[in-house]
Amino acid sequence: QVQLAESGGGLVQPGGSLRLSCVASGSIFSINDMGWYRQAPGKQREWVSTITTGGRTTYTDSVKGRFIISRDNSRNTVYLQMNSLKPEDTAVYYCNAEIISTARSLSNHWGQGTQVTVSS
């Protein structure tokens, strides 16, 4: 079994910062792409950012220049540093990872989500 566990969400004022973390655990052989998605109330889940095993990063346009994704492969962890937060960044943030298990099966995994609220 493989699990993803996010942490670091909370309430922050506009212009503030938060750092999300997501740790993958369980029967892991290797991890391919890791990323973050978010879902605001009444909206569909949307992609935010992805980082490859080699560290190549991509971002949705609305967060470019404000969010930074990184990973620590030795800790099976992906981070999302969120700066200059705006009220429209309010959402539940989900971690996603493509994982090869010790049984050599490839599957896509999601975390349980962490709430980020940007409000004064």
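**Stop one: the rings**

There is one aromatic pair here, going by ring centres of Phe, Tyr and Trp (its six-membered ring) that lie within 6.5 Å. Select Tyr 37 and Trp 110: their centres are 4.9 Å apart and their planes 65° apart, so the pair is edge-to-face (over 60 degrees; under 30 is stacked, the rest tilted). Now colour by strand, meaning DSSP E runs of at least two residues, numbered from the N terminus. Tyr 37 belongs to strand S4 (residues 28–39) and Trp 110 to strand S10 (residues 106–110), so this pair links distant parts of the chain, 73 residues apart.

Before moving on, a note on the model: it is predicted, local features need pLDDT of at least 70, side-chain atom pairs count only at pLDDT 80 or more, and totals for chains, interfaces and linings use all residues. Numbering runs from 1 along each chain as its sequence is written, and side-chain values use heavy atoms, with hydrogens and water left out.

**Stop two: charges over rings**

The rule wants NZ of Lys or CZ of Arg within 6 Å of the ring centre and within 35 degrees of the ring normal. Next, pick Arg 104 and Phe 29, where the charged end of Arg 104 sits over the Phe 29 ring, 3.6 Å from its centre.

Conventions
Helices (H or I, at least four residues) and strands (E, at least two) are DSSP runs, numbered from the N terminus.
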